[in-house]
Amino acid sequence: MSISLLPLTILSQTSGIAEPANPASNRCVVSGYAESSFEDLRPFPNVACNYDVAEFHKRLLSLFRWPKQGLGIETVERAFSLPHLKTAFDHPRSASFTAFVSGAPGEKSWRASISYHESFFPTDAWRRPRFRGAERPVLINPSIRGERRVNIVLHPAKDNSSDSADCLDIAAVRGTAIHQGWSESKFRIPNMPLHGGPITLPPVQFYRGRWSIDVQLDRTDKCVTEIGYRSEADKGAN
């Protein structure tokens with residue numbers, strides 16, 4: 001059976017967010033779980049962090065400085081001070097982690113969905129296994145990496161008093177990317193809907209070697225709504 005990346009829309013979040021962690025620790029804690037509509041998936045954690053939206057944006061921009069080699073779930077956890085996450089499901093050729101994360105309540109709060117995936121395609125379970133262990137799988141051969149993706153979806157914070165308080169401006173993203181040696185794709189062809197509706201622009205894309213980062217913007221074409229970080233699989237990763 002093939003396993004594809006899980007869309008965030010299949011999940012239903014549970015209500016109730018616990019108080020954030022001790023401000024002095026600058027950490028995040030699990031405050032509850034979001035049940036999935038699929039019985040074979042583990043519940044996804046709701047994670048409460050104690051830092052504000054400005055600090056969250058700094059951590060988002062740090063992904064342009066992430067290592068070219070060795071990217072794993074540990075990289076994502078360190079970048080956002082997340083607790084150790086568990087895989088959504090057990091599979092010998094895929095590892096998928098997702099958390100719903102929020103900042104300290106108040107005017108400078110924030111909400112996001114953060115996911116990390118590593119897969120070896122095709123993902124048919126009968127093929128050579130690439131991971132061992134459940135919940136926190138490890139690579140059988142760490143020298144060969146599959147396709148890796150980090151997806152971060154930014155959601156408007158319900159308690160923000162300002163419409164612009166949680167806006168990560170594309171200018172800040174572009175400046176950081178160029179400073180860190182990434183190149184920006186110059187081609188953005190508008191998406192023309194077949195049956196009417198608004199014309200939308202594709203993501204702003206940055207690339208460096210085998211790595212690429214897609215940045216989706218809102219209707220103003222200014223504020224970031226989603227970031228996708230991707231690396232191609234190594235040769236022989238099948």
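## Trp-182 and Tyr-229

Trp-182 has a relative accessibility of 3%, so this residue counts as buried. Tyr-229 is also buried, because its relative accessible area is 2%. Both values fall under the 20% cut-off for a buried residue. They come from a predicted model.

Across the whole structure, a search finds 10 aromatic pairs. One of them is edge-to-face and joins Phe-120 and Phe-131, with 5.8 Å from centre to centre and 70 degrees between the planes. Another pair, Trp-182 with Tyr-229, is tilted: the centres are 6.2 Å apart and the planes make an angle of 50 degrees. This pair links distant parts of the chain, 47 residues apart. Trp-182 lies in the loop between helix H3 (170–179) and strand S9 (183–184), and Tyr-229 lies in strand S12 (residues 224–231).

## Phe-120 and Phe-131

Phe-120 and Phe-131 are both buried.

## The aromatic cluster

Trp-182 and Tyr-229 belong to one aromatic cluster, together with Phe-64, Trp-66, Phe-206 and Trp-211.

## A charge over a ring

Arg-59 has its charged end over the ring of Tyr-51. The distance from that charged end to the centre of the Tyr-51 ring is 4.0 Å.

Methods: Residues are numbered from 1 along each chain as its sequence is written. This is a predicted model: local features need pLDDT of at least 70, side-chain atom pairs count only at pLDDT 80 or more; totals for chains, interfaces and linings use all residues. Side-chain values use heavy atoms; hydrogens and water are left out. Rings of Phe, Tyr and Trp (its six-membered ring) pair if their centres lie within 6.5 Å; planes under 30 degrees apart count as stacked, over 60 as edge-to-face and the rest as tilted. Buried means under 20% relative accessible area, exposed over 50%, partly exposed in between (1.4 Å probe, protein chains only). Helices (H or I, at least four residues) and strands (E, at least two) are DSSP runs, numbered from the N terminus. A charge sits over a ring if NZ of Lys or CZ of Arg is within 6 Å of the ring centre and within 35 degrees of the ring normal.
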